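Please keep the model in view while reading.

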Amino acid sequence: MCEEKLLTADGRSVADIRKDFPMTEAEENGHPLIYFNNGATSLKPECVLKVMDDYYRHYGVNVARGVDAIGYKATHAFEEVREQTARFIGAKKASEIVYVRNTTEALNLVAYSYGNQVLKEGDEIVVSAAEHHANYVPWQELAKRKKARLVVAEPDENGVVTPEILENYLSDKTKIVALFHISNVLGASNDLKALAERTHEAGAVFVADGAQGIVHERPDVTDWDLDFYAFSAHKLLGPTGIGVLWGKKELLDQMPPWQFGGEMIDQVDIYDTTYAEVPQRFEAGTMPIAEVLGMGAALDYVDSVGYDFIRRQNEILGKRMVEGLQAIGNNTVYNPNNYANGVIAYNIDGVHPHDAAGVYDREGISLRAGHHCNQPTMRFLDVQSTLRASVSFYNTTEEVEKFLEVSKKAGDFLDVLF
Amino acid sequence: MSYSDQSHLFRQIVMDHYRNPRNKGLAKDPRGYMTVRLKNPSCGDDLTVQIKTEGEKILEIRQQGEGCSICCASASMMSELLEAETISEAEEIIRQFKLMVQAEDYDAEKIGDAVSLQGVSRLPQRVKCATLGWQAAERGLKQIQKNRSEGRADHHEGAIEADVDKEDEHEI
């Protein structure tokens, strides 16, 4: 349909780019795999695999150790990705990019290192009722440690935390506001620039969980005037095991390390140690070097495709899924207005999501059933669990049509047993 | 019976237990019951089983929870099968059911309606759904026996809450 006309920034069609993703050839239960679980992790393009393979084959040595040429090459490539990442998200300096395992680790780092230092008894931390557990539990724990108060903002009916809503939850005691960029269940987008502005007016710092957001919209951390932004490479075409905490330099500089060991030290005396500058202060031990390089290749790939294409293709697919499901009528869609990011939360009426997921699985369709690591949102929707179909720009309208066909049959869930 | 006749029959049995669950609903007064609540945090299944015993005999089993058709139908079958058995007979039935879903040799005679869930053995990702209720019963019975061996007068009552255990994991 529309996708023939839709081209990537480098002039290619969906059919072209599918060839870049080996897993688009995969099969499940004797059917071509239809991968609609992109909210959990994305598929990886060949270029990411190649960069990682090249590193291990040709210069797979440790970084920032010794003076040998091959070590220099690895270190240089490793640090190049830091600069590339800084440019990608609009950071002022490469030293504001801290390599971490994933979004969860990035947010924990902020909660421990920054939170432990600034929070006092009676202070307040604001989160929303639609956060992923990664942007909820670390703050809950921080509040307990410091006898601070966790303030949970209720989003609007579409799952969005508007600046007006946020204002109702801010006070002179607010020290940290931690909100999602895009919701992993409801697909809602928050206006981070406006939210950060309100947060700063209240004298607090603004932490953004970008795990889903950066997949759909390029953040501009400087223009938006954020304080911290966290994301994982693996949802953005990169490998697992590597993510990024971006923080404003002046904030990172005042934060103590939270893990100790090699690579993060300045001078180790017998009874005392001084620590390296930011960002190395937060990168104890050998880092996932191949994964960092893979993330660099993934960011290059995103640039070659372009966010405009990603957004438009997701919107086409998301819109068709919502309209198709509503036309079938055997289901409830929880975010009928937020399909633009290609994440649809729904249930087949009267069918437990696991039973429905079993029907999809049998037909080669992989999607998510459960609480999506987001029990706060399940409470908000007043359901135990849901199905979640999350598409990416390499998915096709044909796949969506097949998905809709199978959705009609999801009531026959016992078929999987016989 | 042909394969399709059998699968038709099994399908009816599973659907019947799912739509008309046996022994559903917990006792208002939990005194006198061993109450076990097991959750599978990865999928949200959440099941509570209550067992009333007198000496070696199981007098009553109640069950209630949230879960998929396999989890709920299986818990219903379990409650029906174990009621009126002795503890050691019940443990043997549980063992046979577990063998079945793990695609091992099992004694179909012992597990009544639950034989209709044999298809689970081809769906390893659903084994935990099918065994949740059985694991809860097994835990409860173990606790009753442990309490008794410690000479506790109230050995037959208590409450256990846990995430689905990993005791079925293969030893390395």
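Between chain A and chain B there are two salt bridges, a salt bridge being a side-chain nitrogen of Lys or Arg within 4 Å of a carboxyl oxygen of Asp or Glu. One of the side-chain pairs joined in this way is D355(A) with R126(B), at 3.1 Å from N to O. On the side of chain A that touches chain B, helix α12 (residues 353–362) contributes the most, namely four residues; helices are DSSP runs of H or I with at least four residues, numbered from the N terminus. That side of chain A comprises five nonpolar, seven polar and three charged residues, where Ala, Val, Leu, Ile, Met, Phe, Trp, Tyr, Cys and Pro count as nonpolar, Asp, Glu, Lys and Arg as charged, and the others, Gly among them, as polar.

The model is predicted: local features need pLDDT of at least 70 and side-chain atom pairs pLDDT 80 or more, whereas totals for chains, interfaces and linings use all residues. Residues are numbered from 1 along each chain as its sequence is written, chains are lettered from A in the order in which they are written, and side-chain values use heavy atoms, without hydrogens and water.

The contact (heavy atoms within 4.5 Å) draws 15 residues from chain A and 25 residues from chain B.

In chain B, helix α2 (residues 69–82) has 14 residues, which at 1.5 Å a residue should span 20 Å; the end C-alpha atoms are 20 Å apart, so the two values agree. The expected span is 1.5 Å times one less than the number of residues. Of the 14 residues of α2(B), 13 are buried, that is, under 20% relative accessible area with a 1.4 Å probe, protein chains only. After α2(B) comes A84(B), with a positive phi near 75 degrees.

Note on methods
Helices (H or I, at least four residues) and strands (E, at least two) are DSSP runs, numbered from the N terminus. Buried means under 20% relative accessible area, exposed over 50%, partly exposed in between (1.4 Å probe, protein chains only).
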